[in-house]
Amino acid sequence: MIEAELKAHVRDPAVMRERLDRLAAGLDEVYRDTYFDTPGAHLEAADRELRLRTVDGPDGTRSLLTYKEARVDEASGSKPEYETGIGDPAAVRAMLNGLGYIEAITFAKHCRNYEFTAHERPMLATLVRVPEIDGTYVELETKVAGRGELCDALGDVRAVLAGLGIGEGDLTAELYTDAVRARRTG
């Protein structure tokens, strides 16, 4: 599956939350993300990601292992994504370390997630704050089976964002990993 996703800076978080609350009930969660790479940063150099995420929310804690291939669309940063739930994150961390992967960066994201349907597609909007970086972001995504569907899906995502008051000038392809790394070394 390809994650057709756009991310944007939010100028007024309270207004954005109000608009999203009209679309669906929001769910507050905290993501604790650890990105793994080889000691030579080969995954990052190839625009790929390997992430272990633990999600704390009102329904408890769950963990996910995600692998993202290189971008298939430069403007949006959309990538093929493979994700699965895991029962024992400490065991997965030990496996990855045993295979030679190292923890490249770890940080937290405070999220409010909204699931809804728009343009006959399931959509996930996430209002995001990363305590280490300035600002609030909104991410909007849907999933498609192949590259042939990506352009139409991104058009639908752009239309929903426009309805939320997000313009093309608000969009960003900057990665949270890069922003956090820059803040830490800054």
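**View 1. Strand 6 and strand 7 pair antiparallel through 9 bridges.** Strand 6 covers residues 102-118 and strand 7 covers residues 121-129. The model is predicted: local features need pLDDT of at least 70, side-chain atom pairs count only at pLDDT 80 or more, and totals for chains, interfaces and linings use all residues. Residues are numbered from 1 along each chain as its sequence is written, and side-chain values use heavy atoms, without hydrogens and water. Strands are DSSP runs of E, at least two residues, and helices are runs of H or I, at least four, both numbered from the N terminus. Two strands pair if DSSP finds at least two bridges between them. Asn 113 stands opposite Thr 126 in strand 7.

**View 2. The turn between strand 6 and strand 7.** The two strands form a hairpin with 2 residues between them. His 119, in this turn, has a positive phi of about 55°.

**View 3. Strand 7 also pairs with strand 8 (residues 136-144).** They run antiparallel, joined by 6 bridges. Ala 125 has Leu 140 in strand 8 as its bridge partner. This hairpin has 6 residues between the strands. Gly 135 takes a positive phi near 95°.

**View 4. Helix 4 (residues 147-163) and its cover.** Buried residues (under 20% relative accessible area, 1.4 Å probe, protein chains only) of helix 4 are Leu 150, Ala 153, Leu 154, Asp 156, Val 157, Val 160 and Leu 161. An α-helix has 3.6 residues a turn, so residues three or four places apart point the same way. Elements covering the buried residues of helix 4 include strand 1 (2-10), strand 6, strand 7, strand 8 and strand 9 (171-172). Just after helix 4, Gly 165 takes a positive phi of about 90°.

Note on methods
The expected span of a helix is 1.5 Å times one less than its number of residues. Buried means under 20% relative accessible area, exposed over 50%, partly exposed in between (1.4 Å probe, protein chains only). Contact means heavy atoms within 4.5 Å.
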